[in-house]
Amino acid sequence: MADQHAVAATHEGGGHATVRTYVNVAIVLAIITAVEVATLYVPGIPNFLLVSSLLVMSAIKFFLVVGFFMHLRYDHPILRALFVGPLIIAIAIIIAVMALFSAFLLLPRPH
Amino acid sequence: MATQAAFMPGSKVATETFWGTVWSWLTTVDHKRIGILYGTSAFIFFLVGGIEALIMRVQLARPDNTLVSAERFNELFTMHGTTMIFLAVMPLSAAFFNYMIPLMIGARDVAFPRLNALSYWIFLSGALFLNSSWLFGLAPDGGWFGYANLTTSQFSPRHTIDFWMLGLQILGVSSMLAGFNFLVTIINMRAPGMTLMRMPVFVWMSFVTQFLLVLAFPAITVALILLMFDRFFGTLFYAPAAGADPLLWQHLFWIFGHPEVYILILPAMGIVSEVLPTFARKPLFGAPVVIYSGITIGFFGFGVWSHHMFSVGMGPVADSAFSIATMLIAVPTGVKILNWIGTLWGGSIRFRTPLYFALGFIAMFTMGGLSGVMHASPPVDLQQTDSYFVVAHFHYVLFGGSIFGLFGGIYYWWPKINGKLLDERLGLWHFWLMMIGFNVTFFPQHYLGLIGMPRRIYTYAPDLGWNFWNMISTIGAFLIAVSLLFFIANVWRTMRSGKIAGNDPWDARTLEWAIPSPPPVYNFARVPHVHDRDDFWLEKHGDGHGGAPRPKPTPVTAAEIASIHMPSPSFWPLLLALAMAVMISGLMISMYQVIVGGLLTLYLMYKFAMELHRPAEGHGH
Amino acid sequence: MADHAAAVHAVHDPNIGNTGLDNRKMGMWAFLGSDCMFFGSLIGTYLAYKGKSLSGPGPHDVFDIPLTSYSAALLLASSLTMVLALANLQQNRVKSAARWLLVTALLGLHFVLNQVYEFTTFVLHHDLKLSTNLFGSSFFVLTGFHGAHVTGGVIWLLILVGLAWRRQLDARDYTKVEIAGLYWHFVDIVWIAIFTVIYLIP
């Protein structure tokens, strides 16, 4: 009885991702990381381009891990709301704090 | 499962002896008992904070008074603020969360009963740790918002700030654990049929509060960690000499501090939203709008923090943005006040003590709100900041608001919790004395502030024109103290010879009134099915449009009750809280104590987690 | 209908609530949301103080990008091994699940050791300490708290491995391992943010 239930519970949490998906996601993550580091060594790349491409790439990595490895993509909307809501507030507060301390990443900073 | 003792009706767990009773309270995981523990502790700390306030008022009654020194006065206002916020109003709200939320959503306990006990014991250890500073003559003296760099070791070399910083850190852990617990409880433990919009408004306001708790406390946790590193490990976060920005603390503190304001007021708003419909015998006017307003307040609460900092010179853009956001947040608050008044309009009102307190809440909170909107304008704020005008404002919202609302809740739910009704006559004495005393104390402070009296001064010269109103204010403070004596007398009398309440003394509307007072350990013999926000009312009276009262359910059988399983008591929460206190207080004493306490904490966390892992096989059901 | 099924469910497992979701998993997501604010405040502090140190050394005098990239790869790999452990546990292949959990813990441990090495280098070769300048303070506290999170995760994973070895862990404990996994992936995504925002962005 308890076992039957346990098996049922595992299916509920398992989602639709397969091992193959996981491996593919990991490969993509590795490639993006390599590209990120490589971007750093592109000669003469403008600062705003470097910063914005790095931010976009890390955001993609972030959401790949959250979406697939933490299977939030497949999970209940309540769980998504519990995480994404606070995440948005946290990011908004970081941006507000940076504005208040005039610490914008995209602007070249005086030395 | 072995960890879940079957509840047998009428069975007594070893609570016959005195020590058996003590043990059962120390190991309890019952949300109702934990609620009582929270409420009792909070009331005691409320009295402690009140005594601190009285000493300050006596000192300020006359000019050039010498009752306390300037240093002692610093300690008094710091501890008064910290105590009232973290040890009185928050845990008093937590008492209602604990006792009432599971009852109002038709659950048998919270989602994590042992975690709930852990939250309480951590709270108590933090509260005792903070107050133990008095015994060492090292009471915190940096103000309740402890602005760095005043609090760095350069300017506060003694352990005073350590007590405050570490005490707050401990209390923060407790609040956040409780926050996770109630979030999950409210989302996941509602009785079948209780959709989010059918949830009682008190539960809704508590729900918003839990979000604020778990999202606001990390900011102060970080601010305190940085302070701790500055004080103990020589980092430079708050050292302007090394290029640090003195505003960093202020921003981090108020990112927490403003949501904290709503953490203090939303539960009281929820209580009032329950009391008014009950005594007006009418559904809450525009209940969904009240709920949406609460959500809006909670959300905007994260975007207004810098209005506490207009005087530091953030520049016109930041000032304007935070000013506009602050004025916006007044809108949902005003909507709520309108809805409360709308609830009373045309109702068949019965004046009972809880309703008096709820009405007092609306009137006083509105006044506090009005002076609050004034501060939203930076030029006006520059005149008022750090003056007694601000002191008057936040006491109108925190005392006139939160405390009146919470006392309303105490009178309202006392019969449910203790099975006996508090005395109406003493209750009204309490209300009117507190109402008059409160206004006599704090209304003159508006005027004192406008004629220039700064907050946090320990005395003043006789020729400034402040003498008369300060004396009046002190007299008012003693009236409040007398009103509390009436409350204590009321409780004492009710315990000895109160009127038996029965299940539903107020002819109320929500689920908790459908079960006996005090409720049995398992709350609901049969988990209710909910069809409406005022489900219990409709069950009793029909919908008022010709719909008949719902048929009474069949009686609960003994077999049903015997099949209820409740979680077993556990002593790991208490031990774990103690180990954490040993670890954190070690920062002031010796690193060895931190390491020993830390290892002990880890070990006890392991035991705590393993207690419910694989209880004896084969005993399943 | 779904409500009814969930209610029947609840009678059997006290951890499953009326939404059909597991309390513990929901609690973990709520905690992770809150931890976003924690790391958000720390990262905000680091960024607010970026470039405001009055003395050296600065970030680009000390950072060893190849080493940190290697560490980032370790954590990413550990996220993969974590989901592989879960996939195995789901099919009740407890032994291979335990093996993957152990690999995950070891990768995490390797990450922590890299960080210890990194910190030691900063102190010994670059004379960058907590109390050197604002960069030292904000860098060590931010990455140190991340490292503490990883260390906690390693201990958690090792406990799970130990339970599996003692035959006290199987498919019935899927949710317990799953929430450990959620925590572990969260530590990974925090590093994704730190790696970009602190190490890579000039």
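This is a predicted model: local features need pLDDT of at least 70, side-chain atom pairs count only at pLDDT 80 or more; totals for chains, interfaces and linings use all residues.

Student: How many residues meet where chain A touches chain C?

Tutor: There, 45 residues of chain A are in contact with 44 residues of chain C. The elements of chain A that give two or more residues to this side are α1 (2-14), α2 (19-40), α3 (47-69) and α4 (77-100), with α4(A) supplying the largest share, twelve residues. The residues on this side of chain A divide into 33 nonpolar, eight polar and four charged.

Student: Why is C:Phe38 called buried?

Tutor: The cut-off for a buried residue is 20 or more other C-beta atoms within 10 Å of its own. C:Phe38 has 22 such atoms within 10 Å, and therefore it is buried. This residue lies in helix α2 (residues 23-48) of chain C, and, not counting residues up to four places away in sequence, C:Phe38 touches B:Pro218, B:Thr221 and B:Val222. The C-alpha atoms of C:Phe38 and C:Phe145, which are 107 residues apart along the chain, are separated by 10.0 Å.

Student: Why is B:Arg281 called partly exposed?

Tutor: Partly exposed is the class between the two limits, since a residue is buried at 20 or more neighbours and exposed at 12 or fewer. With 16 C-beta neighbours inside 10 Å, B:Arg281 therefore counts as partly exposed. B:Arg456 is also partly exposed, because it has 13 other C-beta atoms within 10 Å.

Student: What is the phi of B:Arg281, and where does the residue lie?

Tutor: Phi of B:Arg281 is near 50 degrees, a positive value in a residue other than glycine, and the residue is in the loop between α7 and α8 (287-300) of chain B. Phi of B:Arg456 is near 65 degrees, which is likewise positive in a residue other than glycine, and B:Arg456 lies in the loop between α13 (424-450) and α14 (467-497) of chain B. Such values stand out because most residues other than glycine have a negative phi.

Student: How do you know that the length of α7(B) agrees with what a helix should span?

Tutor: The expected span is 1.5 Å times one less than the number of residues. For the 34 residues of helix α7 (residues 247-280) of chain B this should give 50 Å, and its end C-alpha atoms are 48 Å apart, so the two agree.

Student: What makes α7(B) mostly covered?

Tutor: Of the 34 residues of α7(B), 32 are buried.

Student: Which residues touch the most other members of the largest nonpolar core?

Tutor: That core has 287 residues, and B:Ile105, B:Ala223, B:Val272 and C:Leu160 touch the most other members. Helix α6 (residues 201-233) of chain B gives the most to this core, with 24 residues. Leaving aside its neighbours within four places in sequence, B:Val272 is in contact with several residues, including B:Trp340, B:Phe361 and B:Gly405.

Student: Which peptide bonds are called cis?

Tutor: One of them joins B:Ser517 and B:Pro518, with omega about -15 degrees, and B:Pro518 lies in the loop between β2 (499-500) and α15 (535-541) of chain B. Another cis bond runs from C:Gly56 to C:Pro57, with omega near -5 degrees, and C:Pro57 lies in the loop between α2 and α3 (59-62) of chain C.

Technical notes: Residues are numbered from 1 along each chain as its sequence is written. Chains are lettered from A and ligands numbered from 1 in the order in which they are written. Two residues are in contact if their C-beta atoms, placed from the backbone, lie within 7 Å. Helices (H or I, at least four residues) and strands (E, at least two) are DSSP runs, numbered from the N terminus. Ala, Val, Leu, Ile, Met, Phe, Trp, Tyr, Cys and Pro count as nonpolar, Asp, Glu, Lys and Arg as charged, and the others, Gly among them, as polar. A nonpolar core is a set of buried Ala, Val, Leu, Ile, Met, Phe, Trp, Tyr and Cys residues joined through C-beta atoms within 7 Å.
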